[in-house]
Amino acid sequence: MRVISAAAFGCVLVAVPALSLAMSGGSSGGSTPAPSMNAPQFDAAAEYRSGIEALEASKFAEAKKSFAKVLGIAPNDANTNFLAGMADAGLNDLKGAAKHYERAVHADKKLVPAQQELAVTYAKLGQQDKAQAALAKLREMDTACAGTCKDAEQIKKAISAVEAALGQPTHAMLETSPPLLFASAKTGDTAYLEAVGLINEHRYRDAIDALQRAKATFGAHPDVLTYLGFANRKLHRYDAAESYYRQALAAAPNHKGATEYYGEMMIERGDMAGARRMLAKLDSLCTFGCAEAEELRRWVNAKGSPAS
């Protein structure tokens, strides 16, 4: 993957923020702007942001529709499932909310707000045993954190919220005001740019953390998903990487970067036929040639060991 140089990254930091990604259009040289939402081709990301805006405005039916579209591309995304649960809760569909929260915590056990809302929803449904079990998980997180982790305060607040819910009548309304995921585009841009810098430094685990924060803002943005695929691939987490590449291509089928990097990973896994299919796709997309096609062609010709 051709990540930007440290010098180019420095230029990005002083550039005007909130531009569409160069990577989206297939260019991988030069600076890499941040993935703000004025890139209209990113329908899944735009739907995600629309859902957040609708949720903030208490337009729960609209939010539900937007998140449903995003989940069609990324069904296991923790943040989207959590927010879809909040939309269901706003419509007083507690059973629907619980299902989304369950999917969210299954995808990300450390997503404290999802753990909290799942436990609270169980309490509202009268499922006391499940609520107590969810509370126990939060207490385990609190013990492991010992007041030193970044989520320490959030975990304690979550425990208090669940304990309060367990003491209320089951017919009490569920509040829907999670502030943590209503991040601004600027916050997402910052996290994305941080991730690019970390990838340049080969700090892939840290980059994944930053990319997850960016994804909380932008949702199924193909550029963020492609970088998540690359970082996981570098850590030899090939199944996770493939999932992210597939999600990126579901969000943007003609995304050149995702197509190239998916092809490179196929070669690494011994799937030369698959890599050639990706190359053929790039050749069809790049009428006059492009860097992505030429790079993947080098990989195919070298059978996975292209000259640097």
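Predicted model: local features only at pLDDT ≥ 70, side-chain atom pairs only at ≥ 80, totals over all residues.
The axes of helix α2 (residues 43-56) and helix α4 come within 11 Å and cross at roughly 35°. Welcome to the tour, which takes the helix contact, then the pocket, then the aromatic rings.

**Where α2 meets α4**

- Two packed helices are described by the angle between their axes and the distance between the axes.
- The crossing of α2 and α4 is left-handed.
- From α2, the residues Tyr48, Ile52 and Leu55 take part, and they meet Asn79, Thr80, Leu83, Met86 and Ala87 of α4.
- Sorted by class, the residues of this contact are 6 nonpolar and 2 polar, with no charged ones.

**The largest pocket**

- The volume of the largest pocket is about 1500 Å³.
- Its lining is made up of 40 residues, and those nearest the centre are Asn79, Asp108, Lys110, Leu111 and Gln212.
- Helix α10 supplies the largest share of the lining, with 8 residues.
- The lining of the largest pocket contains 19 nonpolar, 10 polar and 11 charged residues.

**Aromatic rings**

- There are 5 aromatic pairs in the structure.
- In one of them, the ring centres of Phe82 and Tyr101 are 5.9 Å apart and the ring planes stand at 40°, so this pair counts as tilted.
- Phe82 belongs to helix α4 and Tyr101 to helix α5; the two are 19 residues apart, and their pairing links distant parts of the chain.

Note on methods
Residues numbered from 1 in each chain as written. Heavy atoms only, no water. 1 Å grid on protein atoms, 1.4 Å probe; cavity = no way out; pocket = protein on both sides within 12 Å on 5 of 7 lines; lining within 4 Å. Points joined across faces, edges and corners; volume = space filled by probe spheres on them. Helix = DSSP H or I, 4+ residues; strand = E, 2+ residues; numbered from the N terminus. Nonpolar A, V, L, I, M, F, W, Y, C, P; charged D, E, K, R; others polar. Axes fitted to C-alpha atoms, helices over the stretch in contact; angles between N-to-C directions. Left-handed = near helix turned anticlockwise from the far one by under 90°. Contact = heavy atoms within 4.5 Å. Phe/Tyr/Trp six-rings, centres within 6.5 Å; stacked < 30°, edge-to-face > 60°.
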